[in-house]
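Trainee: I should like to understand the terms used to describe this structure. May we go through them one at a time?

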Amino acid sequence: MALRESPFANGCMAGLHSLSWWLIFPCFWFLDQMIAACLPTTLEKKQRQEEQCGLGPLRSCFGLLLLLVLFVLTAPVALIGFLMWAPLQAARRPFIYSRGITSNQEEGAANKLTGERGSFGFVTANLCLFPDSLARFNNLGHTQTRSSEIAQRIQSVNRSQIEIYVDSPSSDTDSCCSRTSLLSPSRSYGSTDSQPPNRPPSVSDSSLPLEEVVCESGGGEGDSNSNTAGIVLGMYPNAGEWDVAPDTAEVMKGTHLNHNSHSSKKAGQESQELDDVPWEVSSVFPTSVDFVCLQEVFDRRAAQKMKDILSPTFSHMLYDVGVYAFHGCCSSFKFFNSGLFFASRYPVLDAAFHCYPNGKGEDALAAKGLLCVKVQVGRNHQAKNIVGYVNCTHLHAPEADGGIRCAQLTLVSEWISEFQALTKRAHEIVVFDTLCGDFNFDNCCPGDAQEQKHKIFDEYRDPCRVGPGQEKPWVTGTLLQQPTMYDEEVLTPQSLQRSLQNEDVRRNYIAPPFGSGGSPCDYPEPGAPWVGRRIDYMLYREASLSQNCKTEIEEFTFITQLAGLTDHIPVGMRLGVSVNTEDLGGQQENRTHSLQQNPFST
């Protein structure tokens with residue numbers, strides 16, 4: 001689909017659409033606020049109890065009465081606006097495309113690629129940005145405030161990186177260190193909100209919100225003569241001016257500062273040794289994320305705010321994705337769009353949206369579907385475009401409707417194949433193909449057995465699963481229990497990070513699995529770790545890539561930076577990509593061409 005910024009073909013229709021919405025909006029806002037006032041979140045209830053204000057009930061009653069009067073007065077105008085708005089949806093394109101202005105003179109599409117390999121970072125998150133009244137059914141409120149704060153936190157992916165390594169010159173053994181620090185230390189994570197910029201962080205500070213990688217020698221767990229220690233620090237502009245004292249290095253030895261104990265670190269190391277996927281639980285978003293795929297960004301004003309805040313970093317965005325009213329194959333009237341939101345550092349070449357035709361119940365009110373995007377990430381020495389595919393979806397929600405989700409997954413597979421068949425060009429090199437989103441089923445519930453065995457997992461690889469119904473031991477659930485979202489153990493990024501790393505604490509806050517028909521189930525199996533419901537997925541495949549193109553997971557991340565702002569835990573993945581092609585002239589000598597990690601770096 002050719003990309004234009006406006007969802008309408010001409011300015012006249014766009015003007016009528018804007019006019020109709022502004023006729024509707026006052027009535028809609030009064031109704032939204034009236035319902036929201038009757039549905040306080042658990043955090044608001046706690047705050048009201050602490051305030052102990054006797055005028056609170058009286059103030060609430062007066063506010064409700066005022067909102068009701070204003071709603072009634074504006075309803076006739078809203079009806080006129082609705083009668084204008086609904087027919088216009090038949091001519092509306094299913095997304096708005098925003099292309100920002102980047103300060104870099106050479107965008108990724110114009111760069112000649114150099115180096116031996118490159119990597120791309122992906123993040124997916126469900127934000128629950130409904131209109132305020134509907135968000136409160138998920139124990140979340142203040143949608144506009146949350147959207148701004150979420151966008152600011154995602155924007156932290158553009159923070160600078162400073163690394164400090166402390167090593168003993170007497171080390172004569174290989175260190176045991178996470179793969180992240182060995183392959184790509186520049187992508188370790190930092191914090192932006194807890195240490196003054198001119199003061200080095202204290203190693204003894206138990207609340208230190210840094211992500212560090214500590215290397216130990218092979219001396220064993222209790223070895224006091226460990227010879228190697230290292231720490232990676234991020235987002236401290238003056239870190240290069242600090243002096244790291246020898247006694248500080250001694251404190252670092254054998255310590256993982258962000259973990260509750262040495263045993264939790266060792267367990268993480270053991271599970272990584274059993275698997276080929278480097279992973280971590282991070283209190284901040286990974287740096288240099290290239291693609292952000294969001295779900296449940298239903299509120300139009302929230303989407304606009306996020307677009308404005310993210311645009312300095314992600315210059316290409318698709319938002320307000322989906323259809324409204326009666327449109328195409330969607331049989332029921334759609335009051336909400338799909339909630340999908342896509343942000344990219346790289347140019348978008350093609351995009352398409354497909355609406356699921358089998359929505360049921362409250363899910364049928366929203367145009368849930370699949371967003372397929374083709375991006376250009378560079379050119380090789382033969383001036384061939386190097387491209388990738390990113391697919392984002394949000395499946396049917398009610399737990400009992402597994403058959404509907406299976407049918408939607410089948411449609412996802414078909415639609416992706418159709419989109420790629422239509423958009424692939426003979427002169428292009430495809431280097432990655434990913435599928436992500438909120439699938440609304442997990443890989444541990446017996447009640448989700450039908451979806452767990454779907455063929456989509458034969459086409460795409462899930463880094464977190466061993467097979468149907470079996471997760472890898474390091475995986476954590478991504479769906480929080482809504483009533484306890486504001487407990488101190490999960491209210492901040494650092495506290496949520498610590499809770500996820502402790503299995504006994506995690507089971508109190510991550511949604512537990514369920515059996516067939518929603519009944520309780522015996523979980524986990526004896527000797528297996530307690531994971532919880534992981535319904536947010538990040539998948540990839542190589543079968544659709546160009547010949548001699550290889551991908552490798554450099555890191556998989558569970559991100560806690562949105563603690564208190566959504567009931568989901570975002571997940572991130574970094575794919576390493578390399579392309580090995582032969583000269584067009586038929587020479588036997590191969591040349592390796594890889595991708596530039598960040599087209600905006602100077």
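**Confidence and packing**

Mentor: Let us begin with confidence. This is a predicted model; the protein chain averages a pLDDT of 78, and 72% of the residues score at least 70. Over residues 103-116, however, the pLDDT is below 50, although this stretch has 41 contacts in the model beyond near neighbours in sequence.

Trainee: How many contacts does the model have for residues 582-602?

Mentor: There are 65 contacts beyond four places in sequence for residues 582-602, where pLDDT stays under 50. Where pLDDT is low, the predicted coordinates should not be read in detail.

Trainee: What makes α1 roughly antiparallel to α3?

Mentor: The axes of helix α1 (residues 11-37) and helix α3 (residues 56-88) cross at roughly 150 degrees and come within 7 Å. Angles over 145 degrees count as roughly antiparallel, so α1 is roughly antiparallel to α3. Their crossing is left-handed. By class, the contact of α1 with α3 has 24 nonpolar and five polar residues, with no charged ones.

Trainee: Why is α5 called roughly parallel to α9?

Mentor: Helix α5 (residues 143-154) and helix α9 (residues 300-310) have axes that cross at roughly 25 degrees and come within 9 Å. An angle under 35 degrees counts as roughly parallel; therefore α5 is roughly parallel to α9. The crossing of α5 and α9 is right-handed.

Trainee: Which residues of α5 and α9 meet?

Mentor: From α5, they include T143, Q144, S147 and I150; from α9, they include R301, A302, K305 and M306. The residues of this contact of α5 with α9 divide into seven nonpolar, five polar and two charged.

Trainee: What makes β9 and β15 edge strands of the sheet?

Mentor: The open sheet has five strands in the order β9-β10-β11-β12-β15, with mixed pairing. β9 (348-355) and β15 (536-540) each have a single partner strand, so one side of each is left without a neighbour in the sheet. From one strand to the next, the twist averages 15 degrees.

Trainee: How do you know that β11 and β12 pair?

Mentor: Two strands pair if there are at least two bridges between them, and strand β11 (residues 385-394) and strand β12 (residues 429-438) have nine, in the parallel sense. For T393, the bridge partner in β12 is G437.

Trainee: Which strands does helix α10 lie across?

Mentor: Helix α10 (residues 402-423) lies across β9, β10 (369-379), β11 and β12, and runs at about 35 degrees to β10.

Terms used:
Residues are numbered from 1 along each chain as its sequence is written. This is a predicted model: local features need pLDDT of at least 70, side-chain atom pairs count only at pLDDT 80 or more; totals for chains, interfaces and linings use all residues. Side-chain values use heavy atoms; hydrogens and water are left out. Axes are lines fitted to C-alpha atoms, for helices over the stretch in contact, and angles run from 0 to 180 degrees between N-to-C directions. Helices (H or I, at least four residues) and strands (E, at least two) are DSSP runs, numbered from the N terminus. Angles under 35 degrees count as roughly parallel, over 145 as roughly antiparallel, 65 to 115 as roughly perpendicular and the rest as oblique. A crossing is left-handed if the near helix is turned anticlockwise from the far one by less than a right angle, and right-handed if clockwise. Contact means heavy atoms within 4.5 Å. Ala, Val, Leu, Ile, Met, Phe, Trp, Tyr, Cys and Pro count as nonpolar, Asp, Glu, Lys and Arg as charged, and the others, Gly among them, as polar. pLDDT is the predictor's confidence in each residue, from 0 to 100.
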